[in-house]
Amino acid sequence: MIIWTISFKEKTQENGRRTTVDFLFMKRSKEGEVSGKMGQSVVLTGMVLQTMPIGEYDKRITLLTKERGKVTAFAKGARRPNSPLLAACAPFAFGEFEMYEGRTSYNVRKADISNYFRELTMELECTYYGFYFLEMADYFSQENNDEQEILKLLYQTLKALENTSLPNRLIRCIYELKMLVINGIYPNVFSCQLCGKRENLVDFSIERAGMLCMECAGRERGTRLEDSVLYAMQFIISSELRNLYTFTVSEAVLKQLEQILFGYLQKHVEHIFKSEQFLYL
């Protein structure tokens, strides 16, 4: 007996996070046998977010891909010194990965890496920041979802880390805020959260997830923002990804921007990123 299932995609909103449910088109010809998309070789473009040793010589890697969002793949023999996958299956590696698609995971056959971000990994501080950015991308991305914006943001952010003219602390603030934008949980810095006015925005309220105008600031507890901090946040939120890392700010502005984002993430994300602790060493 042959049973066919229908293929479709459905996008929903759940707790402010983007979710895509992807049902594949498959044919079950015999008991326990599935054909269709499974068992085929696919080429995915993406970046290695994390790796884990498996057995004596293998690796399990997490990839953020342009075509299928976050995927898990196994790389046999990738820990052998002479393996062609040794460098390709390391964090930060970006390129094309040819993989065999199994029932529950992928198996890497070969990889064509276009950027290893070696310059980034030669600076210890940049490496710490890079791993923090990878971990955040891993947390916010999902399987079988369109995560091209996160992948683009991650790639451009790692490129920015290689630019010595930009402070790493500023790069972090830009990355964090834009990640919140992509995932739809960013603060409103364009109008008052209480009355909706767009003029005289003076205080930032973490509780209200946005700005308060002069009149409403007296009724709510908030943090008085420098005008330059407000303008910087508005620019980051509204700009296209390619224009993000094109400005610098003063030390005073950077400090307040760090404080605002630190408190906002603690309140509205409520996740502890393990790699973040290394940023304060």
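Two strands pair if DSSP finds at least two bridges between them. Keep that in mind for the opening stops of this tour, which goes through a predicted model.

**Stop 1: strands S6, S9 and S10**

Select residues 41–54, which form strand S6, and then strand S9. These two strands pair in the antiparallel sense, over 7 bridges. Follow the chain from S9 to S10 and you pass through a hairpin of 4 residues.

Next, pick out Gly95 in S9: its bridge partner on one strand is Gly46, and in S10 its partner is Ile113.

Is S9, residues 94–101, largely enclosed or largely open? Of its 8 residues, 6 are buried, so the strand is largely enclosed by the rest of the structure.

**Stop 2: the nonpolar cores**

In soluble globular proteins, nonpolar side chains tend to be buried together. Here the largest nonpolar core has 64 residues. To find the residues with the most contacts inside this core, select Phe133, Leu154, Leu158, Tyr175, Met233 and Tyr245. Then show helix H4, residues 168–182, which gives the most to this core, with 10 residues. A second, separate core has 18 residues, among them Ile61, Leu85, Ala88 and Ala93.

Go back to Tyr245 and display its surroundings. Beyond its neighbours within four places in sequence, Tyr245 is in contact with several residues, including Leu153, Ala160, Leu166, Ile171 and Tyr175.

**Stop 3: helix H7**

Select residues 251–268, the 18 residues of helix H7. From the first C-alpha to the last, H7 reaches 26 Å, close to the 26 Å expected at 1.5 Å a residue. Colour the buried residues of H7, which include Val253, Leu257, Ile260, Leu261 and Leu265. What covers them? The cover includes helix H2 (124–140), H4, S12, strand S14 (223–224) and helix H6 (227–238). After H7 comes Glu270, whose phi is positive, near 55°.

**Stop 4: Arg208**

Finish in the loop between strand S12 (201–205) and strand S13 (210–213), where Arg208 is placed. Is Arg208 buried or partly exposed? Its relative accessible area is 38%; buried means under 20% and exposed over 50%, so Arg208 is partly exposed.

Now select Gln193, which lies 15 residues from Arg208 along the chain, with 6.6 Å between their C-alpha atoms. Leaving aside neighbours within four places in sequence, Arg208 is in contact with Gln193, Leu194 and Glu220.

Key:
Residues are numbered from 1 along each chain as its sequence is written. This is a predicted model: local features need pLDDT of at least 70, side-chain atom pairs count only at pLDDT 80 or more; totals for chains, interfaces and linings use all residues. Side-chain values use heavy atoms; hydrogens and water are left out. Buried means under 20% relative accessible area, exposed over 50%, partly exposed in between (1.4 Å probe, protein chains only). Contact means heavy atoms within 4.5 Å. A nonpolar core is a set of buried Ala, Val, Leu, Ile, Met, Phe, Trp, Tyr and Cys residues joined through side-chain atoms within 4.5 Å. The expected span of a helix is 1.5 Å times one less than its number of residues.
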